Amino acid sequence: MAYADQKMSGGRITAIIIVALIHAALGYAFVTGLATNFVKKATEKLDTFNVEEPPPPPPDEPPPPPPDQPNLPPPPTTVVSPPPIIQTPVPAPVMNVTPVIPPSQPTAPPAPPAPPAPPAPPAPPRVSQAAGLRGNPGEFFGADNYPAEALRAEAQGRVVARLSVGTDGRVTDCSVTTSSGNSSLDSTTCRIAKSRVRFTPAKDENGQSIASTYTLPVRWVLPRD
């Protein structure tokens with residue numbers, strides 16, 4: 001029984017080997033035959049032909065237009081910045097300055113001496129007795145002496161005059177310090193004071209008559225009818 005099995009196993013192995021060899025031979029023949037037929041068919045289809053150059057265009061015929069070029073974007077523009085300007089400091093030139101000595105100027109003559117100051121005015125004498133009015137000066141500034149221009153303007157008011165009284169008691173100067181507002185009343189006051197008002201002159205400490213000033217107030221009132 002064991003011998004029979006061994007014999008059968010050896011025969012099966014031999015059969016498998018034979019079958020494998022047959023398959024290999026068939027495959028080789030198949031591949032070789034197909035390659036030979038493909039080469040033959042390709043050779044038969046290869047024809048030989050001559051390349052003819054196209055005839056030149058007639059002389060009067062314009063050359064054919066160039067083929068359309070595709071719209072290509074313009075090449076990028078490269079902006080090249082100039083190199084920075086480097087300023088090199090230039091040292092200032094050295095200048096030799098020679099001092100110029102001006103020629104000697106003539107000496108100016110000395111200024112003349114200033115004139116002596118005028119002597120100070122003597123101090124006014126000390127008044128021991130002031131000037132006094134003689135009589136009643138109000139009677140000189142009444143209705144009888146009222147200026148006609150002031151009457152027509154119906155002007156009235158108070159005038160204050162500063163009188164300069166001489167050593168003889170007469171009025172030497174008159175200035176209005178407070179106006180009545182009417183020029184006719186003001187000027188009449190000084191005119192009457194100079195012509196009609198009299199004073200007892202002022203005296204100094206030695207009893208001598210001296211010039212002095214006096215303030216005279218006058219009120220002008222319109223006369224009643």
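**Exercise 1. Find the residue that stands opposite glutamine 129, and place the strands around it in their sheet.**

*Solution.* Start with the partner: in this predicted model, glutamine 129 faces lysine 203, which belongs to strand 6. Next, look at the strands. Strand 1 pairs with strand 6 (residues 202-204) in the antiparallel sense, over 2 bridges. Now widen the view: 3 strands make up an open sheet with the order 1-6-7, and the pairing is antiparallel. Strand 1 (127-129) and strand 7 (209-210) are the edge strands, each pairing on one side only.

**Exercise 2. Work out how the rings of phenylalanine 141 and tryptophan 220 are arranged, and where the two residues lie.**

*Solution.* The whole structure holds 3 aromatic pairs. In this one, the ring centres of phenylalanine 141 and tryptophan 220 are 5.7 Å apart and the planes stand at 90°, so the pair is edge-to-face. Then trace the chain: phenylalanine 141 is in the loop between strand 2 (132-133) and helix 2, while tryptophan 220 is in strand 8, and the two are 79 residues apart. For burial, the cut-off is under 20% relative accessible area. Phenylalanine 141 is buried at 8%, and tryptophan 220 is buried at 1%.

**Exercise 3. Classify the ring pair of phenylalanine 199 and tyrosine 214, then decide for each residue whether it is buried or partly exposed.**

*Solution.* Phenylalanine 199 is buried, with a relative accessible area of 0%. Tyrosine 214 has 25% relative accessibility, so it counts as partly exposed. Their ring centres are 4.8 Å apart with planes at 55°, so this pair is tilted. Phenylalanine 199 sits in strand 5 (residues 199-200) and tyrosine 214 in strand 8, 15 residues apart.

**Exercise 4. Describe helix 3: its span, its start and what covers its buried residues.**

*Solution.* Begin with the span. Helix 3 (residues 183-196) has 14 residues and reaches 20 Å from first to last C-alpha, close to the 20 Å expected. At its start, a side-chain oxygen of asparagine 182 comes within 3.0 Å of the backbone nitrogen of serine 184. Ser184 is also one of the buried residues of the helix, as are Leu185, Asp186 and Ile192. The cover over these buried residues includes helix 2 (148-152), strand 3 (157-165), strand 4 (171-178) and strand 8 (212-220).

How values were computed
Residues numbered from 1 in each chain as written. Predicted model: local features only at pLDDT ≥ 70, side-chain atom pairs only at ≥ 80, totals over all residues. Heavy atoms only, no water. Helix = DSSP H or I, 4+ residues; strand = E, 2+ residues; numbered from the N terminus. Expected span 1.5 Å × (residues − 1). Buried < 20%, exposed > 50% of the residue type's maximum accessible area, 1.4 Å probe, protein only. Contact = heavy atoms within 4.5 Å. Polar contact = N/O pair within 3.5 Å; in protein donor to acceptor, adjacent residues only side chain to side chain. Pairing = 2+ DSSP bridges. Phe/Tyr/Trp six-rings, centres within 6.5 Å; stacked < 30°, edge-to-face > 60°.
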